[in-house]
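Student: I'd like to go through this one and check where each label comes from. Can you set the values against the cut-offs for me?

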Amino acid sequence: SGIALTSVIQTQADKIVLSRALSLPEFGVYSVASVLAAGLYIVISPIFSVMFPRFSSHVHLGDVGKLVSQYRISCQLMAAIVIPPAMLLAV
């Protein structure tokens, strides 16, 4: 319960502060940008869900070589998939 409450507070604190500091149109633009940026997690989550058990397996077996190899491949995959839409959103 404590972790869930802390998570909600941390994800919503910026919106509470900015809703009072910005005008309504500015806050609307911020909210849309926030939702679009959060949409990148839809791409990140499945990759993480596939790779994390593999990393754990390599750590458990002590196979550092395969761990490093899998880590590099997963970083390249994540970068290839996430950076283009992130740059588009940034522009």
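Tutor: Here is a walk through the labels, from the overall fold down to single residues.

Tutor: This is a predicted model, so local features need pLDDT of at least 70 and side-chain atom pairs count only at pLDDT 80 or more, while totals for chains, interfaces and linings use all residues. Residues are numbered from 1 along each chain as its sequence is written, and side-chain values use heavy atoms, with hydrogens and water left out.

Student: How many helices and strands does the protein have?

Tutor: There are 4 helices and 0 strands, and along the sequence that reads α-α-α-α. Helices (H or I, at least four residues) and strands (E, at least two) are DSSP runs, numbered from the N terminus.

Student: What share of the residues is buried?

Tutor: Buried residues make up 10% of the 91. The cut-offs are under 20% relative accessible area for buried, over 50% for exposed, and partly exposed in between (1.4 Å probe, protein chains only). The accessible surface comes to about 7,100 Å², and 73% of that belongs to carbon and sulfur atoms. Those areas come from the Shrake-Rupley method with a 1.4 Å probe; for residues, only the protein chains shown count as cover.

Student: What makes H2 and H3 roughly parallel?

Tutor: The axes of helix H2 (residues 24-38) and helix H3 (residues 40-61) come within 4 Å and cross at roughly 20°. Angles under 35 degrees count as roughly parallel, over 145 as roughly antiparallel, 65 to 115 as roughly perpendicular and the rest as oblique. So H2 is roughly parallel to H3. The axes are lines fitted to C-alpha atoms, for helices over the stretch in contact, and angles run from 0 to 180 degrees between N-to-C directions.

Student: Which residues meet there?

Tutor: Leu36, Ala37 and Ala38 in H2 meet Leu40, Tyr41 and Ile42 in H3; contact means heavy atoms within 4.5 Å. By class that contact has 6 nonpolar, no polar and no charged residues. Ala, Val, Leu, Ile, Met, Phe, Trp, Tyr, Cys and Pro count as nonpolar, Asp, Glu, Lys and Arg as charged, and the others, Gly among them, as polar.

Student: And why are H3 and H4 called roughly antiparallel?

Tutor: Their axes come within 10 Å and cross at roughly 175°. With that angle, H3 and H4 are therefore roughly antiparallel to each other. Their contact includes Leu40, Met51 and His58 of H3 and Gln70, Val82 and Leu89 of H4. It divides into 16 nonpolar, 3 polar and 2 charged residues.

Student: Why does Gln70 count as buried?

Tutor: Gln70 has 19% relative accessibility, so it counts as buried. Gln70 lies in helix H4 (residues 64-90) and touches Met51, Arg54, Phe55 and His58, not counting residues up to four places away in sequence.

Student: What makes His58 buried?

Tutor: The relative accessible area of His58 is 13%, so His58 is buried. His58 sits in helix H3. Leaving aside neighbours within four places in sequence, His58 is in contact with Asp63, Lys66, Leu67 and Gln70.

Student: Is Leu40 buried or exposed?

Tutor: With a relative accessible area of 16%, Leu40 is buried. Beyond its neighbours within four places in sequence, Leu40 is in contact with Val82, Pro85, Ala86 and Leu89. Leu40 and Val82 are 42 residues apart in sequence and 7.0 Å apart in space, C-alpha to C-alpha.

Student: Why is Leu36 called partly exposed?

Tutor: Leu36, in helix H2, has 45% relative accessibility, so it counts as partly exposed. From Leu36 to Ala86 is 50 residues in sequence and 9.3 Å in space, C-alpha to C-alpha.

Student: And how do you know that Ser23 is partly exposed?

Tutor: Its relative accessibility is 35%, so Ser23 counts as partly exposed. Ser23 lies in the loop between helix H1 (2-21) and H2.
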